[in-house]
Amino acid sequence: MARNPAVLITGASSGIGATYADRFARRGHDLVLVARDKERMEALAAGLRDETGIAIDILQADLTNPGDLAAVEKRLRDDRRIGVLVNNAGAALGGSFVAQAVEDVGRLVALNTTAVVRLASAVAPRFAEAGEGAIVNISSVVGLAPEFGMSVYGATKAFVTFLSQGLSLELGPKGVYVQAVLPAATRTEIWKRAGVDVNTLPVVMDVAELVDAALVGFDRREPITIPPLHDAGQWDTYQIARQAMLPGLRQERAAARYQPSV
Ligand code: NAP
């Protein structure tokens with residue numbers, strides 16, 4: 001693989017994905033940009049090509065469309081120049097669960113989970129065989145916090161974090177780096193798309209701050225990067241508490257509190 005592998009970024013037409021495109025271009029990586037809005041990607045690519053001289057391909061795809069998704073999977077399987085996948089495309093959904101239309105819920109799950117796992121699955125065998133490569137999955141702190149009241153969105157992000165942790169354990173020993181990035185509220189279009197005015201949020205991070213921090217975690221090969229979490233020890237404590245439970249989870253007999261009373 002070349003010293004600077006090409007990077008395929010989904011959701012590269014705006015926000016976090018467009019900022020990753022900018023940063024990887026300035027680091028000298030060729031790019032493959034994926035999203036629905038081709039014109040926006042063309043405009044971003046034109047500026048980055050001029051400024052950095054890198055090569056940029058554009059793949060227009062709606063990742064909830066099985067045919068479009070298959071085309072991106074094929075590109076990841078076949079294009080051996082691609083050594084980094086940034087699984088960033090995602091959306092949120094406003095309103096409460098009972099008010100959300102099932103079609104919207106289905107599309108959200110398809111984009112935030114199915115596309116993420118299918119794209120990782122397309123590229124992982126090639127990376128594992130090569131003994132190198134990186135998969136970056138953009139998750140969210142909402143996946144840690146049902147209390148934040150975004151049940152379906154949070155569930156999709158819990159899926160992304162778990163998937164990343166599992167893949168990190170599976171693929172890490174084969175030389176493949178897997179990172180989950182957990183942003184909190186970040187100033188991008190996702191809020192407007194979900195019907196929320198970002199200016200009504202109490203605390204919002206700028207997208208450049210978020211992506212630059214995520215790249216510090218990437219360079220350190222962190223499995224989990226949570227840019228807004230100032231006390232890293234809190235995450236460590238959470239992991240230690242979870243792992244302490246593991247030996248107790250395999251039992252022949254149900255716990256005493258579940259034994260039927262006679
Ligand atoms: P954004 O500006 O709305 O960007 C979302 C990107 O995904 C856009 O490029 C969009 O492009 C693309 N996309 C949306 N639907 C798509 C589809 N069906 N097929 C292909 N591409 C699609 O929002 P963002 O904040 O940068 O979001 C990026 C990621 O960060 C998401 O996974 C999100 O869940 C996560 N995140 C964001 C925040 C936040 O507060 N901003 C916090 C935590 C996590 P097109 O419309 O051109 O397709």
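# Residues and overall form of a predicted protein chain

Me: How exposed is V196: buried, exposed, or in between?
Reply: The relative accessible area of V196 is 30%. Buried means under 20% and exposed over 50%, with partly exposed in between (1.4 Å probe, protein chains only). V196 is therefore partly exposed.

Me: What kind of model do these values come from?
Reply: Residues are numbered from 1 along each chain as its sequence is written, and side-chain values use heavy atoms, with hydrogens and water left out. Local features need pLDDT of at least 70, side-chain atom pairs count only at pLDDT 80 or more, and totals for chains, interfaces and linings use all residues; the model is predicted.

Me: Where does V196 lie, and which residues does V196 touch?
Reply: V196 sits in a loop that runs between α6 (190-193) and α7. A contact needs heavy atoms within 4.5 Å. Leaving out residues up to four places away in sequence, V196 touches W191 and L201.

Me: How far apart in space are V196 and F162?
Reply: In sequence, 34 residues separate V196 and F162. In space, C-alpha to C-alpha, the distance between V196 and F162 is 27 Å.

Me: Is S164 buried or exposed?
Reply: S164 belongs to helix α5. Its relative accessible area is 1%, so S164 is buried.

Me: Which residues does S164 touch?
Reply: Residues up to four places away in sequence are not counted here. With those set aside, the residues touched by S164 are N137, V178, Q179 and A180.

Me: How far apart in space are S164 and I224?
Reply: S164 and I224 are 60 residues apart in sequence. From C-alpha to C-alpha, the distance in space between S164 and I224 is 8.3 Å.

Me: How many helices and strands does the protein chain have?
Reply: Helices (H or I, at least four residues) and strands (E, at least two) are DSSP runs, numbered from the N terminus. By that count the protein chain has eight helices and seven strands.

Me: What is the radius of gyration of the protein chain?
Reply: The C-alpha trace spans about 75 × 45 × 40 Å along its principal axes. The radius of gyration is taken over C-alpha atoms, and the globule rule is 2.2 Å times the number of residues to the power 0.38. For 262 residues, a compact globule would come near 18 Å, and the value for the protein chain agrees with that, at 19 Å.

Me: What share of the residues in the protein chain is buried?
Reply: The protein chain has 262 residues. The buried ones make up 43%.

Me: What share of the contacts with a separation of 6 or more is between residues 24 or more positions apart?
Reply: The count takes contacts in the protein chain with a separation of 6 or more. Of these, residues 24 or more positions apart account for 67%.
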